Structures are given as C-alpha cells and as structure tokens.
Amino acid sequence: MGGKMFACIGMADDGVSVKTPDIETATMLIEVGVGQRAPCFHRSCVRLPRGTDPDELRHRLTASYDLVRAPHEDAAGDAAAPPGLTTGAAPWL
C-alpha cells in the first residue's frame, strides 16, 4: 500500500490538517469558519484549529481517514482494518 497522510499536526501544535474530498469542500469549510487554509498542503486540505469542537474534529478525522484509505480497501482484501477510525481525545483538545 502506498502511504498517504490523513492528518498532520505541525510543529506549532496549533491545529491538525486533514484531507477533504475536494477543493470545494475545503473552501466551504473555510468560508463557514470550521477550518483554515492548511499551509503547505493541497487546496483540498484544511487545518482544524486548536479548540475545534470535539465532535467536528472526530468527524473530520474519520472522514479524512476513510477518504485516504478507500483506494486501498480492495487491494488489501477482507484482512484490512475495519472502516472508520476510532479517535481518542487529542492532547490539544
């Protein structure tokens, strides 16, 4: 399996950047104030700042994980990890 990142916390530790399905979704999330532009990442990514609602953060992390993992499910077969991501509380929440 090729490696793709679904989430990234930078050295500033001021948020987490996640993948969205497309540029339009990322733009919408930025416009409504859920996320910010994710510096150094593709325009389909957003940064969720420190203090993001825990339910929103969990949803965005899970969606990003599922999005990045989806192309590999068929190749990995039934032995792959179950879909979705169980997230614990991030230390900066």
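Rings of Phe, Tyr and Trp (its six-membered ring) pair if their centres lie within 6.5 Å; planes under 30 degrees apart count as stacked, over 60 as edge-to-face and the rest as tilted. By that rule, the structure holds one aromatic pair. What we have here is a predicted model, where local features need pLDDT of at least 70, side-chain atom pairs count only at pLDDT 80 or more, and totals for chains, interfaces and linings use all residues. Residues are numbered from 1 along each chain as its sequence is written, and side-chain values use heavy atoms, with hydrogens and water left out.

**Overall layout**

- The secondary structure comes to two helices and four strands, where helices (H or I, at least four residues) and strands (E, at least two) are DSSP runs numbered from the N terminus.
- Along the sequence the pattern reads β-β-α-β-β-α.
- Of the 93 residues, 29% count as buried; buried means under 20% relative accessible area, exposed over 50%, and partly exposed in between (1.4 Å probe, protein chains only).
- The protein exposes about 6000 Å², with carbon and sulfur atoms supplying 58% of it; these areas come from the Shrake-Rupley method with a 1.4 Å probe, and for residues only the protein chains shown count as cover.
- Taking contacts (heavy atoms within 4.5 Å) between residues at least 6 apart in sequence, 53% join residues at least 24 apart.

**The aromatic pair**

- The partners are Phe6 and Tyr65, edge-to-face, at 5.2 Å centre to centre and with 85° between the planes.
- This pair links distant parts of the chain: Phe6 sits in the segment before strand 1 (7-9) and Tyr65 in helix 2, 59 residues apart.
- Phe6 is partly exposed at a relative accessible area of 25%, whereas Tyr65 counts as buried at 18%.

- Four strands make an open sheet in the order 1-2-4-3, with antiparallel pairing; two strands pair if DSSP finds at least two bridges between them.
- Strand 1 and strand 3 (36-37) are the edge strands, each pairing on one side only.
- Strand 1 is joined to strand 2 (residues 15-19) by three bridges, and the two run antiparallel.
- Ser17 belongs to strand 2 and has Cys8 standing opposite.
- With 9% relative accessibility, Ser17 counts as buried.

**Helix 1**

- In helix 1 (residues 23-31), Thr25, Ala26 and Leu29 are buried.
- Looking down the axis of helix 1, the buried residues fall within an arc of 100°, so they line one face of the helix; the arc is that of the directions from the helix axis to the C-beta atoms.
- As background, an α-helix has 3.6 residues a turn, so residues three or four places apart point the same way.
- Exposed Glu24 and Glu31 are carried on the face of helix 1 turned away from its buried side.
- Where helix 1 starts, a side-chain oxygen of Asp22 reaches to within 3.3 Å of the backbone nitrogen of Glu24.
- Just after helix 1, Gly33 takes a positive phi of about 90°.

- Asp53 lies in the loop between strand 4 (45-49) and helix 2 (54-76).
- Asp53 is partly exposed, its relative accessible area being 44%.
- Asp53 and Val34 are 19 residues apart in sequence and 9.1 Å apart in space, C-alpha to C-alpha.

Notes
Polar contact = N/O pair within 3.5 Å; in protein donor to acceptor, adjacent residues only side chain to side chain.
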